[in-house]
Amino acid sequence: MTNFSDWALGIQQRMEGVLSRCLQAPSQDLAGLYEAMRYAVLDGGKRIRSLLVFAAGESVGASIDHLEIIAAAVEMIHAYSLVHDDMPEMDNDVLRRGKPACHVQFGQAMALLAGDALQTRAFELLVNHLATLGSERITLLLRTLTHAVGPDGMVGGQAIDFEHIGQSLNHDQIERMHQLKTGSLIHAAVMLGGLAGHWDHEQELMLDIFGKQVGLLFQVVDDVLDATASTQMLGKTAGKDAYHHKPTYATILTLDAARRLAMDLHLSAIGSVSPFGQKGRYLAALADFILQRQF
Ligand code: GRG
């Protein structure tokens with residue numbers, strides 16, 4: 001049985017190749033756009049969402065060929081969100097994944113287009129390469145992903161985020177903002193992996209709960225890291241939430257209370273997939289990884 005680190009490394013390396021193949025410029029006149037898209041996606045990132053797609057999919061017998069396409073689509077959407085998030089109109093950050101943000105490297109117009117193009121390429125990939133899943137499951141998959149990243153998901157969460165700069169939010173409001181902004185794509189990664197496999201209703205429910213718990217866990221840990229880790233460790237500017245006067249778990253709770261909340265979410269995430277037994281081992285290991293991550 002492959003241990004978690006070797007399993008994760010194998011997927012990270014595999015995804016680098018898949019993403020690179022999916023982002024080849026078809027002609028010289030598009031080389032500039034593809035260069036910016038590749039810059040945003042390749043050679044960086046922990047690939048947590050890909051790992052979640054694979055761990056969920058493997059727990060219900062999905063094919064690796066399907067999972068790598070789904071994971072590539074999820075990574076492209078994630079990368080687009082980071083490119084747009086870093087732009088001066090949004091979070092205005094110059095550093096991402098330890099290198100200059102996409103708009104710093106390629107200019108704002110090209111970064112905007114690279115983000116747009118990554119998002120549409122993600123859906124193009126799903127539509128073009130998952131035919132063997134059958135139209136019913138492809139429709140479900142697209143419904144899940146579009147809902148997760150649209151106005152009632154990631155983009156909505158981002159809107160709530162910037163509309164509340166300098167304002168206070170209560171615990172429920174923070175939870176909702178984080179669930180939409182960050183949690184919804186992480187939850188979708190888990191559900192899409194499951195959808196590609198053969199889950200029964202109970203397994204679907206377990207993955208649903210797991211996806212929601214790790215989605216929130218990810219952001220609670222992110223809030224704590226933003227307040228405590230260094231820019232060098234994070235590969236992006238640390239302390240940005242405080243700088244922008246953003247309400248976060250680290251501001252509405254003490255750091256200790258935020259860490260306790262993370263531990264509670266971690267415990268319930270692990271508990272929700274324990275009925276999978278050995279088949280859920282990578283899901284549980286990912287919950288550990290998300291809790292313990294240092295960047
Ligand atoms: C539509 C104009 C427009 C912008 C969309 C929706 C959006 C911008 C941004 C929201 C996404 C966002 C930045 C969420 C924050 C989540 C977060 C902490 C991302 C970092 O994820 P990691 O740590 O990154 O997994 P790596 O680099 O490892 O992939």
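This is a predicted model: local features need pLDDT of at least 70, side-chain atom pairs count only at pLDDT 80 or more; totals for chains, interfaces and linings use all residues.

Residues are numbered from 1 along each chain as its sequence is written, and side-chain values use heavy atoms, with hydrogens and water left out.

The largest nonpolar core has 93 residues; such a core is a set of buried (under 20% relative accessible area, 1.4 Å probe, protein chains only) Ala, Val, Leu, Ile, Met, Phe, Trp, Tyr and Cys residues joined through side-chain atoms within 4.5 Å. Helix α4, residues 64-86, gives the most to this core, with twelve residues. Helices here are DSSP runs (H or I, at least four residues), numbered from the N terminus. Among the residues with the most contacts inside the core are W7, I70 and F210.

Let me turn to the pockets. A pocket is an open set of points on a 1 Å grid over the protein atoms alone, where a 1.4 Å probe fits, with protein on both sides within 12 Å along at least five of seven lines; lining residues have an atom within 4 Å of a point. The largest pocket is lined by 46 residues, of which H78, S81, L82, D85 and R96 lie nearest its centre. Helix α4 supplies the largest share of that lining, seven residues.

The second largest pocket is lined by 15 residues, including H147 and K212. Its largest share, six residues, comes from α9.

Key: Buried means under 20% relative accessible area, exposed over 50%, partly exposed in between (1.4 Å probe, protein chains only). Helices (H or I, at least four residues) and strands (E, at least two) are DSSP runs, numbered from the N terminus.
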